[in-house]
Structures are given as structure tokens and as C-alpha cells.
Amino acid sequence: MALLPSFLPNHKKDTRTVGRGSQSIFLIGFTFLALAGIEARLAYLQIVDGHDFHQRAEANRIRMIPKHPERGNIFDRNGKLLASTRYPRSVYLWPMAHTKPSWSVVGPRLSKILDIPQEEMEKKLQEAGPNSSSLIRIARDLNEAQVTALKEYESELPGVEINTEAVRYYPQGQELAHVLGYTRELTAEQLQKRKDEGYRLGDVIGQMGVEKAYESMLRGEWGGQQVEVDGAGRPIRVLGEKEAKAGKDLHLTIDLDLQIAADKALGNRRGAIVALDPNNGAVLAMVSHPTFDPNIFSKQKLSQKDWESVQGKDHPLVNRALSAFPPASTFKIVTTTAGLESGKFSPDSILQTYGSINIGGVNFGEWNHAGFGPLGFPRAIAMSSDTFFYQVGRKVGGPTLIEWTRKYGFGQKTGLEFVNEESRGLVPDENWKQKVWKMPWTIGDTINMSIGQGALQVTPLQSAIMFSVPANGGYRVKPHLLKDNEQAKSWRESLNMKSATISVLRDGLRKVISEGTGKRLDVPSIPPASGKSGTAEAGIGRPNHTWFGAYAPSNKPEIVVVAFGENSGDHGGTVCGPMVLQVLEAYFQHYHPGQYAKPQQQSEQKTTGD
């Protein structure tokens, strides 16, 4: 009889052996299930998520190196360069290359070399996202010392590259700041709004002026290289390349020489000068003071001095050529038109003028405190008689005067490309006064408006359009800055004025220069000119605003110039008349050389009147 194993005594089953068998079966089953789960997970990762992981792997070894497009150049009407491109060196980071351990070395080193807070760089990396395969610019305009330091520590700075890039440059500096505007890196808010237009982190965009108005034409299209890199981020080979497409060059209506002459004429005063072609609205010059240097915005970071230069109490970023002020006696052009077109006055009407006149129980004074005796419209314009135009305004009435004010284009934007920068001005009426002041319109409001005072406000550009109407025979034109803007050049809206009204306006505006408040412009250095002065009250205790507008030659006008002095004090003929003369002299010396005497040094003799 065979012996049983010694670990099974007395021929009975060992319960411990049975237990071990159950455990083995359980372990085998669990292992099988675990392996099946792993296989299923591997299959899922390979089949379902395989494409995504493949892309991530590719992203880890393929880098997109963007190529900024060059912005289009900007030229004046004669082909002179106004805005172009320079090529500074910039520092870029590859976000995927910077884990926390590597950044603990790279971050402080870059911060010290570039003089940029580490937190500022980290913010840009966070905005790009850790999986971004594109380089992110963190600094531009590197100096030689910074370039040398970056190369010296190259081994400690993986994923850091130095590239050249196109940056906006304005060779004329502040001369055209309010015309050209400036470019600046997109804010986070702007980027969010314009992502669908192809903008990306680090892009620059026109923030003001022509740069903003024609952003879509100037910006160009991004290009770039698709580069394979090794584990250290070093390029192995170029896999593909797309050339960046430069933006379109623009030619403006601006005449650089005339712009410089206007800038010089305005000097250090707060104010504006606008010059345009009265026949088609082409803006020849537009100057606003105080001004700024748009090149500072091409820097990575504004210095305290730069920041103060654009945030001063005189608001240098404000374009005063597009800001609204009371027009004073220049507005008598509109009052004359309303009087004659209403049929209540004829071109031969004569009115007695006085030292003051009582209307509605209120005395309204004459600027010379004496009156000018009996006057017709042309002489009243020449002498700028207030009491003459009070009477015209009273008889015409507020609604008719307001109607003609709007026909001249006041109270609305002119159509200039700077849609968001241009003020509409203000043409007050019954509804406006009830809404703002909770009071009815009175005869006093009409009287004040008849001489360009009260709540009425216009911009220097709107004023230039007003002067264009008698200059071109009765048409409103659309001001524009793009030279080949055919639609704007051909746009003309007739005010349907009688030829007799236009004749009276032209006669009066010519007399302003030949015998009235604008005698400063009656000189041989320019052809016979026509114009009108204005001196506006600016509030109790504040110096007057001053105006002067003119066009020349009187018989066949080529140019309108309007000068405005903000709180300049004195009179329009005294302050702004010489400014207009300087611009007209520059124009006719350039476009009609040898036909007129060379400009003489300005006389110190003061012109009386507004």
C-alpha cells in the first residue's frame, strides 16, 4: 500500500492546501483581468488618443518660429517717407522648454540681463500656455551689452533665442504724431476681441491716427518657419517655411513741407492748424499742440519720462484739430448765409450798428464798444460787427440759423478716417437745452449763436470745411488723408445757395484781408487771400480762444488754412492771423515758386478786432 505524503496524516484532507488553491485561482484571475484592462487602456490610448499624443510628441520636437510681417510704409503726397520700419534685436522664449526646474535658473538670469521683472515674463508665458509651440517675445530693442550677456550665458539659457524683428519707426518724430498715430502691442482685451482676425500674443496694432484707421491695409500677414529641434531645443532642420507678407504702402494727402511749416507756425501754443484743398477735401496739413513722439510707443516699456510726456496736464495725446471749441466770429459766415438765404435780407441790406443793443431786456455789446455806423453784409464781415449780426440772428430766428449750421456740417462728423477720434461738436437747439438745462430756447440763445458763442462748439477741421464752402462755390467736401481715396475726392454736397449769397460771402471775406481784421495777410508774399478772424470767450477768468481761417487765391482758391489758439488770449487777427500767413507763404513758395515775393520777417504791429 502506497504511503500518503507525510503532510496528510491519518488519510484526511489538509484544509490549508485547499485555502492556498483558492488564493492562487483568485490571483490568476485578478492578474488576467488587470492585464486585460491594461491592454484595453493601451488600445484606447493608441486608437482613440493616439492622434492627440502624436501631435503632442510632434509639438515637443517641432517649433514654430514666427516671422513678423513688415507694416506698410507711409508716404506724403510727394513720396516723402513718414513711417517705416527698423530692425532691433528681440528676445524670445519657447514656453515648452521651461519647466519649473529650468525656469528657476533661466528666469532670474533673464530678469537681471534684460532688467525686466521675472513676474512680467512669467505672465507672458502663462498667457501663451505651457504647450505653445510658438516663440514668445519678452523684450525688444536689446542693446549691445544685453546681446553680449545673453550669448555669454547661452548654455544656461535653453529655449531662449535672439531674433531681429520689424518695429515701427517715424523719421519725423513728433511732427506728424496726431496724423500718423502710433502702434503698440495688443492689450489682453484687444487680443481677445481680435483673435478671429488672426492676431496673436505679442502682435502690434495701430492705436491712433492713420495707423489705426488703415490697420487692415498696413499690418501685412504673418509668416514663419517650422523647425525640427532636438531635446535641448537646438534646431536640426527646417521642415517648412512661409514668407511673411508685408503690409500695403500708403500715400497720404499730407504735404510734409507744409506740415512742418504749420508745426513751426503754431510754435509752443496749445491749439491746432488745419490746411486742406477746398475743392476735394484733401488734408494738406494737420497739426495739434502739445504733441508727442510716437516712437516711444515702439519701445518694450515706456520710461517714467516717456510716460510723463504723453500724460501731461495739457493732454498731448488729444488731437485738438478734431476737438470742439466755440467758433466765435468765424461763424458769421453761417449767419450771413442764413440771413440771405432766408429771404429776410438782400445782398444790399444795410443795418445800423451800435455800441450795444438791447434784445429781450439784455444788452449785447459791440466788440469795439462804439459800433461802426451803417453797414452792409460785406463790410459787416470785414469789421466783424457783432451788433450787425445780432440783428440778423434775431430776424432770421433760431430754427433757421440752426438749420443752416447743420447744412454746413456742424454737429456731425466730417467723414475723416479718424472715426473714433473726431468730435461731432455741438449745435444746441430747443431739445438739447431742455434736456441739459431744463430750460426753453430763448432769443438770447439765438443772439449768442449768431456770433459763434453760447453752447455752439466746432472743431478746427469742421471750420476748414466751412471756409471751403464759399471758396469752392457752395459745396461741402469730405476731408480725407488717403491720397487715392477716389470716393472721398469726388464727394461734394451742394448747399443749394444762391449765387448772390456766395458773392456776398466772397466779397466780405476778401475785405477782411484788404481792409478789416485780417490786414496782416495783405502782403505780396502770397496772392490775394480771403478770410475771417474770431475771438471766443472761454469762461470766467480764462484767456480767450482765438481763430483765423483763410483761403487763397481769392479768385481761384487752392488752399484753406484754419488756425486755432486754445486759451491764447488777445485777438484772432493778432494771434492766429500770422500763423495762417506762414502756412500760406510756405504753400505758395513751394507750389508757385518765383510768383510771389519771399516772406519777410513778421511785423510786430498788432491787428485790432477779433
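The crossing of helices H12 and H20 is right-handed, the label used when the near helix is turned clockwise from the far one by less than a right angle, with anticlockwise giving left-handed. Their axes, for H12 (residues 332-341) and H20 (residues 499-515), come within 10 Å and cross at roughly 145 degrees. Here an axis is a line fitted to C-alpha atoms, for helices over the stretch in contact, and angles run from 0 to 180 degrees between N-to-C directions. On the H12 side you'll find Ile333, Thr336, Thr337, Leu340 and Glu341, which meet Thr501, Val504, Leu505 and Leu509 of H20; contact means heavy atoms within 4.5 Å. Sorted by class, that contact comes out as five nonpolar residues, three polar and one charged. The classes put Ala, Val, Leu, Ile, Met, Phe, Trp, Tyr, Cys and Pro under nonpolar, Asp, Glu, Lys and Arg under charged, and the others, Gly among them, under polar.

A quick word on what you're looking at. This is a predicted model, where local features need pLDDT of at least 70 and side-chain atom pairs count only at pLDDT 80 or more, while totals for chains, interfaces and linings use all residues. Residues are numbered from 1 along each chain as its sequence is written, and side-chain values use heavy atoms, with hydrogens and water left out.

Zooming out, the chain has 21 helices and 23 strands, taken as DSSP runs (H or I, at least four residues, for helices; E, at least two, for strands) and numbered from the N terminus. Of its 610 residues, 50% are buried, meaning under 20% relative accessible area, against over 50% for exposed and in between for partly exposed (1.4 Å probe, protein chains only). Among contacts between residues at least 6 apart in sequence, 71% join residues at least 24 apart.

Tyr199 counts as buried because its relative accessibility is 5%. Leaving out residues up to four places away in sequence, Tyr199 touches Leu186, Leu191, Arg194, Val204, Ile205, Glu215 and Arg219. Trp222 is 23 residues from Tyr199 in sequence and 9.2 Å away in space, C-alpha to C-alpha.

Val204 turns up again at the largest cavity, where Val204, His68, Pro69, Arg71 and Ala166 lie nearest the centre among 21 lining residues. A cavity is a set of points on a 1 Å grid over the protein atoms alone where a 1.4 Å probe fits but cannot get out; a pocket is an open set with protein on both sides within 12 Å along at least five of seven lines, and lining residues have an atom within 4 Å of a point. The largest cavity's volume is about 260 Å³, counted as the space filled by probe spheres set on the points, which are joined across faces, edges and corners. Strands E7 (167-169) and E8 (183-185) each supply at least two residues of this lining, which holds seven nonpolar, six polar and eight charged residues.

The second largest cavity has a volume of about 60 Å³, and its lining includes Tyr408, Gln462 and Arg476.

Ile451, Gln453, Thr535, Ala536 and Glu537 lie nearest its centre, out of 23 lining residues. Strand E17 (362-365), helix H14 (386-396) and strand E21 (530-536) are the elements giving two or more residues to that lining.
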